[in-house]
Amino acid sequence: MTAPQPVPGNLTPRDVFQRIAHQMVSSLDLGDVLTTITEGLVEELDAAFARIWLIGPGDLCESCFKVDDCEDRRRCLHLEASAGLHTTLNGEYRRVPLGALKIGRIAQGAGPVMSNDIANDPRLPNKDWIAQHQLCSFAGYPLRFRGELLGVVAMFSRHRLTDEQFSHLQIFADDAAVAIKNARLFGELRDLKQRLEAENVYLQEEIKSEHNFEDIIGQSAAIRDVLQAITTVAPTNANVLILGETGVGKELIARAIHARSDRAAMPLIKVNCASIPRELFESEFFGHVRGAFTGAIKDRSGRFQLADRGTLFLDEVGEIPPDMQGKLLRVLQEGEFERIGEERTRKVDVRVIAATNRDLGQEVEAGRFRRDLYYRLNVFPIEVPPLRQRVEDIPLLAAHCLELARRRLNRADLELSQANVQDLRAYDWPGNVRELQNVIERAVITARHDKLQFDLSPPVGEPAAPLTRDAAQSVTGVIPDAELRRRERDNILAALRKADWRIYGSGGAAELLGVKPTTLASRVKKLGLKRPN
């Protein structure tokens, strides 16, 4: 049996533990505190091996080697620090169920375990490992703070520990529990501070951006169907995929779902996936730690962390690059992620609402969007109709847009005339509600003599179809609406026949007509045109 070894430098055990404790309380970072404790026991007390386990959630139950001995899978001991003979945290003992092995029994209430003859102590197995490393003594203590179990600290030594050392180890374990609790509280405060700072920046961005529709405007059957879908899905936690052309108000639908959900008290965080540089997607979603890459001058919370217990709105989700889609799928499936440059796995509870003007089904078939991610997002699809399919809502929307523009531009003298409304109803609105808003605001700015004049020319990049000979001859006259609609139908039908009923792609009908494929597809559906058998 090895004789008791004096402490280094002829210091008393009390001096040694005070020196470790002094180093321990000099940091408020939990990782630094745990490292200081275990390395201090090895270096200052000449321990061969020291480890700390802390209480955490039961997260690796299927791979735990003691899963059959686990009475409660909700929590267990997580190995968080190791020094001496073994420094890895991913070995067999990375998780220990409460009540299993000596460590689990110490945590469950069996009290400290101390022995100076571990080769013959039945409480300590692995006799071959003990003999191989010439280990003599063991001490294990529960870490408790005001009755709360934090974890277990344990150490092996190649020399006998004196009664005085055992006694001071007990006091040291209590001091270590205080230091661990303080570091945890400081970490929570630091994370909360970072989150509040990030939310403040986000809210400032939201204030700068305009949300000009306080509510969903419309009484058409199409918009009533959308409202019914919102009412149905909002109280659930289901992911929602909002489909529709640019400018139809997909973000407004997302806000309505969030406002009517159980998460309404928590933030709705928006990510415009089309505006994020490819190399910054991971940082934008999950955050990073200082020094993780060039330009990372401080820790930053990602959008998922900001949206914890709230809702994340992924606008233009089809723009997410393929290499990020797998990482997004993981956080949707498992609710966990890591910041860039950080090994710690974070848990989040986030409801995702995605929106796109793309046909994600076609993107999946083309191999540009993951099929499993598509199914994960497309739990409850809501299709928002374009404005041309809800013409009866145009007067209400126009009046609402005009009221907002009058207040913002101080033009209370302006009103919509019947002729104005007819002009607005007759237009096709390829830019949908957003275009309507811009047209009305432009008319308010340019109004003269209290009269509104609307510029309803085709948007840039979408030239108007050339006039036919008959139309050119009649340009100074008036063409009845029914005749215009007939000519439009005949012109579309001619283009479809020439393109063999193909709308998309080179030589398709949309290209022949000089319009967007989605616009033409909507017109074809509205006119009821079908390819003959």
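The lining of the largest pocket has 23 charged, 14 nonpolar and twelve polar residues. Here Ala, Val, Leu, Ile, Met, Phe, Trp, Tyr, Cys and Pro count as nonpolar, Asp, Glu, Lys and Arg as charged, and the others, Gly among them, as polar.

This is a predicted model, in which local features need pLDDT of at least 70, side-chain atom pairs count only at pLDDT 80 or more, and totals for chains, interfaces and linings use all residues. Residues are numbered from 1 along each chain as its sequence is written, and side-chain values use heavy atoms, with hydrogens and water left out.

**Pocket and cavity**

Both are found on a 1 Å grid over the protein atoms alone. A pocket is an open set of points with protein on both sides within 12 Å along at least five of seven lines; a cavity is a set where a 1.4 Å probe fits but cannot get out; lining residues have an atom within 4 Å of a point. Points are joined across faces, edges and corners, and a volume is the space filled by probe spheres set on them.

| Space | Volume | Lining | Nearest the centre |
|---|---|---|---|
| Largest pocket | About 2,000 Å³ | 49 residues | L30, E80, R344, T345, R346 |
| Largest cavity | About 80 Å³ | 14 residues | L60, C61, C64, C70, C76 |

Elements giving two or more residues to the pocket lining are α2 (30–44), β1 (47–57), β2, α5 (163–208) and β13 (346–347). Helix α5 gives the largest share, nine residues. Helices (H or I, at least four residues) and strands (E, at least two) are DSSP runs, numbered from the N terminus.

The whole structure has three cavities of 30 Å³ or more. In the largest, β2 (75–84) and β3 (95–96) each supply at least two lining residues. That lining has eight nonpolar, five charged and one polar residue.

**Cores and cysteines**

A nonpolar core is a set of buried Ala, Val, Leu, Ile, Met, Phe, Trp, Tyr and Cys residues joined through side-chain atoms within 4.5 Å. Buried means under 20% relative accessible area (1.4 Å probe, protein chains only). The largest core has 31 residues, and F285, F304 and L314 have the most contacts inside it. Its largest share, five residues, comes from α10. Leaving out residues up to four places away in sequence, F304 touches F285, F286, L312, L328, V331, F337, V348, V350 and V352 (contact: heavy atoms within 4.5 Å). A second, separate core has 30 residues, including I37 and L161.

There are zero disulfides (pairs of cysteine sulfur atoms within 2.5 Å). C136 is buried because its relative accessibility is 7%. C401 is buried at 4%.

Definitions and conventions. Buried means under 20% relative accessible area, exposed over 50%, partly exposed in between (1.4 Å probe, protein chains only).
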